[in-house]
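My entries follow the order in which I looked things up.

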Amino acid sequence: MGVAVAMTCLITLMLLAFALPATHSGPDHLKTGVLRSQAAALPSGPEARGGGPRPELVQYESPADLRRAVRDREISGGFVVGRQAVTVYTATAGGPPAANAVRAMGEAIAGQAQLDVDVTDLAPFPSDDPQGTGLSAAALPMILGGIIPAVGFLQLFPGRRRVGLRLVGAGLFSLFAGFAVATVLSRVTGTLDGPLVPEALGLALGMAALSYTFLGLHAVLGMAGLGAGVGTMMLLGNPLSGLATGDDWLPGGWATLGQLLPPGASGSLLRGTAYFDGAGTTAPLLVLVGWVLLGLTLALVANLLPRRGSSRPA
C-alpha cells in the first residue's frame, strides 16, 4: 500500500515538473527591443502582436544598440520600423520559439502598417542543424554524464576512505565525456560551430557539477542523498534547462530556478560559448563552479566526520 502511494506521488510530481513549465511557457516574458523614438507610435492591439500576449519591451536609442543587445543576450530580439519595411532582429540560437514569436510580432506590425518585412538572424544555428535539434537532444546525455560516474565510481571504489579516488575518477570522466559530446555535436550533428575546446570544457564542467554533487550527497546522506540528487536533476533540472526553447521562453520563476541548477547553467554556458561569442556565460559559469565546490565540500567534510557507531577513546 505504502509503495503504491509513493509511486503514485512520484508519477504526479514528474507530470507537474514537466507539464507546468510547458503549459505556462510563452512570449509573455520575452524581452523585445524597440527604438525609443518609435515605442510610443507602435500599435498595441492584439492584432499587432500576432494575436499573442505582449512581451516586455526594452527601449534603445539606435538600431546598433538594439543589435548589440541581441548579440549580448540581453533581449530575445527586436524590430525597427523603417519607411518601407520593418526590420526584425532575431537570435534563433537563443531559442527558436522566442525567435519565432519576435518574428511574428514584427510581421503583424508590418502588416498593419502595410510595410515589408526584413528578418535578420543575428545568432543562427549552423546550416547543418538549423533548428538546433542536437542541442535539444543533449539535455539527457549531459545529466547522464553526471549520474554515470557518480554511480560507477561508488561501486568501483566503495568505502569512506576512497572518496579521493571517486572524485578524481569523476573529474577525469567529465573531462573525457565533455570532449566526446562536444565532438559529436560539432563534427557529427553539426549543431555547434564555435571553438571546440571551450565548448568541451563547459560541458565537462557541467557534468562535473552534477557528479560531484551526487558524490557529496551520497557521502553525507548515503543512497537517500544520491537518490534525492538524481531525482531533483531529472525531474526539475531536465525540463527547466531551457535547452530546447531557451530559458527566456519559460515563466520567470521556473526560468530562474532552472538556471540555478547544473543542467540549465550548463546549457546556457554552452549556448553562449557556441553561438554568442561568450556573451552571458559569467553567471552560468559561477553557478557550475558553486555546485562543484558544494559537492567537494560535502564529500570531504563527510570523510572527516567520525563514523556512525564509533566512539572516541577515553
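The entries below go from the whole chain down to single residues.

**Entry 1: the whole chain**

I began with the overall counts. This is a predicted model. I find 12 helices and 5 strands in the protein chain. The chain has 314 residues, and 46% of them count as buried. I then looked up the contacts between residues at least 6 apart in sequence. Of these, 72% join residues at least 24 apart. The accessible surface comes to about 15100 Å². Carbon and sulfur atoms account for 65% of that surface.

**Entry 2: the nonpolar cores**

Which residues touch the most other members of the largest nonpolar core? I noted Leu66, Tyr275 and Phe276, in a core of 30 residues. The elements that give two or more residues to this core are α3 (63-71), α6, α7 (163-188), α8 (196-221) and α11. The most comes from α7, with 4 residues. I also logged a second, separate core of 25 residues. Ile143, Leu215, Val230 and Ala299 are among its members.

I went back to leucine 66 for its contacts. Beyond its neighbours within four places in sequence, leucine 66 is in contact with Gly33, Val34, Leu35, Tyr60, Ile75, Gly78, Phe79, Val80 and Tyr89.

**Entry 3: helix α7**

I checked the length of α7 next. It has 26 residues, which at 1.5 Å a residue should span 38 Å. Its end C-alpha atoms are 36 Å apart, so the two values agree.

What do the buried residues of α7 pack against? I listed α5, α6, α8, α11 and α12. The buried residues of α7 include Val163, Leu167, Ala170, Ala177, Val181 and Leu185. Arg166 is also on the buried list, as are Ser174 and Ser186. Just after α7, glycine 190 takes a positive phi of about 70°.

I looked up methionine 142 in helix α6 (residues 139-156). Its relative accessibility is 5%, so methionine 142 counts as buried. Leaving out neighbours within four places in sequence, methionine 142 is in contact with Leu203, Met207, Leu210, Leu243, Pro263, Ser266 and Gly267. I also took a distance to serine 174, which is 32 residues away along the chain. The C-alpha atoms of methionine 142 and serine 174 are separated by 9.8 Å.

Threonine 213 sits in helix α8. Threonine 213 is buried, with a relative accessible area of 3%. Not counting residues up to four places away in sequence, threonine 213 touches Ala208, Trp291 and Gly295.

**Entry 4: aromatic rings**

How many aromatic pairs does the structure hold? I count 2.

Phenylalanine 153 counts as buried at 18% relative accessibility. Phenylalanine 157 also counts as buried, at 18%.

Arginine 73 lies over the face of phenylalanine 276, at 5.3 Å from the ring centre.

Most residues other than glycine have a negative phi.

Where does each one lie, and is it buried or exposed? Glutamine 114 is in the loop between α4 (96-113) and β5 (116-121). At 73% relative accessibility, glutamine 114 counts as exposed. Aspartate 277 is in the loop between α11 (262-275) and α12 (282-304). At 81% relative accessibility, aspartate 277 counts as exposed.

Methods. Residues numbered from 1 in each chain as written. Predicted model: local features only at pLDDT ≥ 70, side-chain atom pairs only at ≥ 80, totals over all residues. Heavy atoms only, no water. Buried < 20%, exposed > 50% of the residue type's maximum accessible area, 1.4 Å probe, protein only. Contact = heavy atoms within 4.5 Å. Core = buried A, V, L, I, M, F, W, Y, C linked by side-chain atoms within 4.5 Å. Phe/Tyr/Trp six-rings, centres within 6.5 Å; stacked < 30°, edge-to-face > 60°. Lys NZ or Arg CZ within 6 Å of the ring centre and 35° of its normal. Expected span 1.5 Å × (residues − 1). Areas by Shrake-Rupley, 256 points an atom, 1.4 Å probe, with all protein chains shown as cover.
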